[in-house]
Amino acid sequence: MGRLDQLGAITSVPGEVTRLYLTKEHRAAADVVAGWMRDAGLAVSHDAAGTVVGRADGATSGARTLLIGSHIDTVRNAGRYDGCLGVVLAIEAMAELRRLGKCLPFAVEVLAFGDEEGVRFPKTLTSSRAVAGTLDDDVLDIKDADGVPLKEALTKFGCDPAKLKKVARDPGAVLGYVEVHIEQGPVLEAEGLPIGVVTAISGANRFRIEVTGKAGHAGTVPMPQRRDALAGAAEMVLAVERMARETAGLVATVGQITAKPGAVNVVAGEAILTLDIRSPVDRTRRRGIQQIDQELRSIARRRHLTVNMVETYGEKSATCDQRFISHLTTAADALGQTAYGLPSGAGHDGLAMIKLCPIGMLFVRCKGGVSHHPDEAVKADDVEIATRTLMEFLVRVCTTGRAIA
Ligand code: GLV
Ligand code: MN
Ligand code: MN
């Protein structure tokens, strides 16, 4: 818990936790994590996407590798546990196994990813997609809001962009990917249970929505003649909310809006919105996107605006591997814990990792289900249960004849 506080203090905005991908705060957090990995006896390396990797070789040379990880980037004004918990806990589990003199038959690598939140650049999961070998060809040229290309940010962070594609792992050398994460929802708390086993991660798409009208003088352009992009965008925000409310299993969010030119006495000629849309059922999400697209076009037509939806991110829902679900459940049982099965509405690096290998996830109860907020909180006792479950999973389940793969 002390380490999580320590990471939480590494922020670009004093008084809050804000640590975006490839910033100097991310660098500082990566260096701290690398030190903890070394203390845990792990061999540390840094890949070309900014991921810190801590490796423990298996007893058998050439054994396949189990990847355990989470992320150390955050949203703006975040909590201290989203991502960091899974990294710190995995390091602690490996350190404790070492103290107990346990050597696993397979190799383990703890991965501290850097781009799970996708807050800085328009694309998301760059670090886990690099490992999975699914990066888009244009990824190095994407730019942050200040116009800094990913290529430049990587170089500044200490990575060689030319090696980015080489980060991809050989699927034949990987056993799977397991992640421990806070639930970020209220289910475990309501059930009175410290941990849960994830069944699937919701698929998600993100869009930049460009609404274009005509800028004009706020005092002289008569109301009926206006083509106000911001007023149109406001109607679109409410339409998105309504459509998602009316569709079971769908959530949709406009989290950001920019008006241009953005002055008190100018009718907005342009508005840019973000849209994030998710569902555990891919069909529901695809249909939701279609309906939103039609509705926004109809609002734009009626107001003599144009609207353009540009997809910036898309991942299908990811079903957790049945073997991982059952092994994590057995591990929890062995500790006298009920591992409640539940889906994840939040996105995780597993969405990218599933293209490489089977995935599994363990959730930890969090207070009030609050996340992406400074009030995010977990109980130390629950964290200990999750750490012991992960250790049990690694030692007992994976070495007693019920191998992962
Ligand atoms: C990441 O936390 C996401 O679900 O957007
Ligand atoms: Mn997260
Ligand atoms: Mn998050």
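Predicted model: local features only at pLDDT ≥ 70, side-chain atom pairs only at ≥ 80, totals over all residues.

I'll go through the ligand site, then the aromatic rings, and then a few spots in the loops.

Okay, the ligand. Which residues sit around ligand 1? That would be E116, E117, R206, R278, A346, G347 and H372.

R278 has a polar side-chain atom 2.6 Å from an oxygen of ligand 1. For E117, an N or O atom in the side chain is 2.9 Å from a ligand oxygen. And with H372, the distance from a side-chain N or O to an oxygen of ligand 1 is 3.1 Å. So how much of ligand 1 does the protein cover? On its own the ligand has 200 Å² of accessible area, and the protein covers 94% of that.

You describe a pair of aromatic rings by the distance between the centres and the angle between the planes. The count here is 3 aromatic pairs, and I'll show you two of them.

Take Y21 and F121. Their ring centres are 6.4 Å apart and the planes are at 80 degrees, so this pair is edge-to-face; the cut-off for that label is over 60 degrees. Where do the two residues come from? Y21 is in the loop between helix 1 (2-8) and helix 2 (24-39), while F121 is in the loop between strand 4 (107-113) and helix 4 (126-132), so the pair ties together parts that are 100 residues apart in sequence. Are they buried or exposed? Y21 is buried, with a relative accessible area of 2%, and F121 is buried too, at 2%.

The other pair is F324 with F393. Here the centres are 6.0 Å apart and the planes are at 50 degrees, so we call this pair tilted. F324 belongs to helix 9 (residues 322-334) and F393 to helix 11 (residues 380-399), so this contact ties together parts that are 69 residues apart in sequence. F324 is buried, with 0% relative accessible area, and F393 is buried at 0% as well.

Most residues other than glycine have a negative phi, and most peptide bonds are trans. With that in mind, look at L22, which is in the loop between helix 1 and helix 2. L22 isn't a glycine, and its phi is positive, near 65 degrees. L22 is also buried, with a relative accessible area of 6%.

Q184 also has a positive phi, near 65 degrees. You'll find Q184 in the loop between strand 5 (174-182) and helix 6 (187-191). At 16% relative accessibility Q184 counts as buried, because the cut-off is under 20%.

And which peptide bond is cis? The one joining K260 and P261, with omega at about 5 degrees. P261 is in the loop between strand 10 (257-260) and strand 11 (266-267).

Last stop is the loop between helix 4 and helix 5 (150-157), where D137 is found. D137 is exposed, with a relative accessible area of 73%. Its side chain makes a polar contact with the side chain of K165, at 3.1 Å. T134 lies in the loop between helix 4 and helix 5 too, and at 25% relative accessibility T134 counts as partly exposed. For D137 and E241, which are 104 residues apart in sequence, the C-alpha to C-alpha distance is 33 Å.

Technical notes
Residues numbered from 1 in each chain as written. Chains lettered and ligands numbered in written order. Heavy atoms only, no water. Near = heavy atom within 4 Å. Polar contact = N/O pair within 3.5 Å; in protein donor to acceptor, adjacent residues only side chain to side chain. Areas by Shrake-Rupley, 256 points an atom, 1.4 Å probe, with all protein chains shown as cover. Phe/Tyr/Trp six-rings, centres within 6.5 Å; stacked < 30°, edge-to-face > 60°. Helix = DSSP H or I, 4+ residues; strand = E, 2+ residues; numbered from the N terminus. Buried < 20%, exposed > 50% of the residue type's maximum accessible area, 1.4 Å probe, protein only.
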